[in-house]
Amino acid sequence: MEDELDERKLKILDAIIQTYFETGEPVGSRTISKYTDLSLSSATIRNEMSDLEDMGYIVQPHTSAGRIPTDKGYRLYVNHLLSEKEEELNNTKEKLISKTEKLEEVLKQVVKILANNTNYTSVVSAPAAYSNKVKFVQLSQVNAHQILSVVVMDGNLVKNRIIEVEAPLSSEDLLRMNMLLNTSLNGLSVSGINLGLIQKIKAQSGNFEDIIEQVLKTIADTITEDKDEMEVYTSGATNIFKYPELSDKESAKELISTLEDKSSLSNLIKETQEDKKGNGTGIQVYIGSESPISNMKDCSVVTATYELSEGVKGTIGIIGPKRMDYKNVVKNLTELRDEIDKILSDDS
């Protein structure tokens, strides 16, 4: 059973391990005094380090040297790290569920307001991740033949995958895999996970190459699935009949068909995510043939990007005739985009 350590000893042990990670050299009390926020003298830190050594968490490799962590010290450090990450992950899931429910209602209201205020057709997309950076990976044993892989990306985008295994992994093996994956992948974008890195991780994983491949596939699928499954809301499709140039039978049929086609609207959103025509304002205007969708060549499309959190973006847009009231449209888009940002940031 592990000795109970008070907060001061835990912080000193954490500082020793972190410093040893960085330098590979035994760590002395003077070095620790510079890194802890406890405002302790070197003498007090030496006494605490002596206690930690007596308890078996650190060891002095030779006389007059500083200390290095023992296996017991590493174990305590890792247990605390994984406990904190598990709590963070649970909190993240709860917040995501709450925010997702609220977000859906907000977007449904926004799309109706836009259509009513402008007398054009409106479209709003749910946010999707575009930063593609790995935040955290956790592997947990479900039963003797299944492991749960949880991947958290920037913007708290979470994807779970069940990985089949021939035999259960020991707690030590799972711990080693979690440390290896997080140390290697944390903060990397999908493009940064190259073949060389994959081979290095596999080489360090021993007999668990298959699990590594499944986790990497989860990361890739997290990005692909999130973009492919984009949720898009529309309102005011019949407003196009108010404008003669759009209401002839063939043009109206094509437009209505496009507005009902989720993949076409998703492509429109993806094409307008980058601020190519907005001069840094986040507002983009596509007139006639500039539209990313060929069936909208007789229309103008005005879009604005809102941001749920870093790297997680959505689009709100207006589709109408080329003679639309651009000033009113831009005003409405800007106001509603700012309102979305405010509503969602208040709940973060």
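Which residues does Val 27 touch, not counting residues up to four places away in sequence? The first close-up gives the answer, after a short note on the model.

This is a predicted model, in which local features need pLDDT of at least 70 and side-chain atom pairs count only at pLDDT 80 or more, while totals for chains, interfaces and linings use all residues. Residues are numbered from 1 along each chain as its sequence is written, and side-chain values use heavy atoms, with hydrogens and water left out.

**View 1. Val 27 in the loop between helix 1 and helix 2.**
Val 27 lies in the loop that joins helix 1 to helix 2 (29–35); helices (H or I, at least four residues) and strands (E, at least two) are DSSP runs, numbered from the N terminus. Its partners are Ile 16, Thr 19, Tyr 20, Ile 32, Met 49, Gly 66 and Arg 67, where contact means heavy atoms within 4.5 Å. With a relative accessible area of 2%, Val 27 is buried; buried means under 20% relative accessible area, exposed over 50%, and partly exposed in between (1.4 Å probe, protein chains only). Pro 69 is 42 residues away along the chain, and its C-alpha atom is separated from that of Val 27 by 9.4 Å.

**View 2. Helix 1 packed on helix 3.**
Two packed helices are described by the angle between their axes and the distance between the axes. Here helix 1 (residues 7–23) meets helix 3 (residues 42–54) at an angle of about 85 degrees, and the axes are 10 Å apart. That makes the two helices roughly perpendicular. Axes are lines fitted to C-alpha atoms, for helices over the stretch in contact, and angles run from 0 to 180 degrees between N-to-C directions. Angles under 35 degrees count as roughly parallel, over 145 as roughly antiparallel, 65 to 115 as roughly perpendicular and the rest as oblique. Helix 1 contributes Arg 8, Lys 9, Ile 12, Leu 13 and Ile 16 to the contact, and helix 3 contributes Thr 44, Ile 45, Glu 48, Met 49, Asp 51 and Leu 52. Sorted by class, that makes 6 nonpolar, 1 polar and 4 charged residues (Ala, Val, Leu, Ile, Met, Phe, Trp, Tyr, Cys and Pro count as nonpolar, Asp, Glu, Lys and Arg as charged, and the others, Gly among them, as polar).

**View 3. Asn 119 and its positive phi.**
Look for Asn 119 in the loop between helix 4 (71–118) and strand 3 (121–125). Its phi is near 65 degrees, a positive value in a residue other than glycine. Most residues other than glycine have a negative phi. Asn 119 counts as partly exposed, at 35% relative accessibility.

The 15 residues of helix 5 (residues 171–185) should span 21 Å at 1.5 Å a residue, and the end C-alpha atoms are 21 Å apart, which agrees; the expected span is 1.5 Å times one less than the number of residues. Among the buried residues of this helix are Leu 174, Met 177, Asn 178, Leu 181 and Ser 184. Just after helix 5, Gly 187 takes a positive phi of about 85 degrees.

**View 4. Val 301 in strand 10.**
Val 301 is found in strand 10 (residues 299–309) and counts as buried at 1% relative accessibility. Leaving aside neighbours within four places in sequence, its contacts include Leu 268, Tyr 286, Met 296 and Ile 318. Leu 268 is 33 residues from Val 301 in sequence and 9.6 Å away in space, C-alpha to C-alpha.

**View 5. Lys 297 in the loop between strand 9 and strand 10.**
Lys 297 sits in the loop between strand 9 (283–287) and strand 10. With a relative accessible area of 44%, Lys 297 is partly exposed. Not counting residues up to four places away in sequence, Lys 297 touches Glu 254, Gly 288, Ser 289 and Lys 322.
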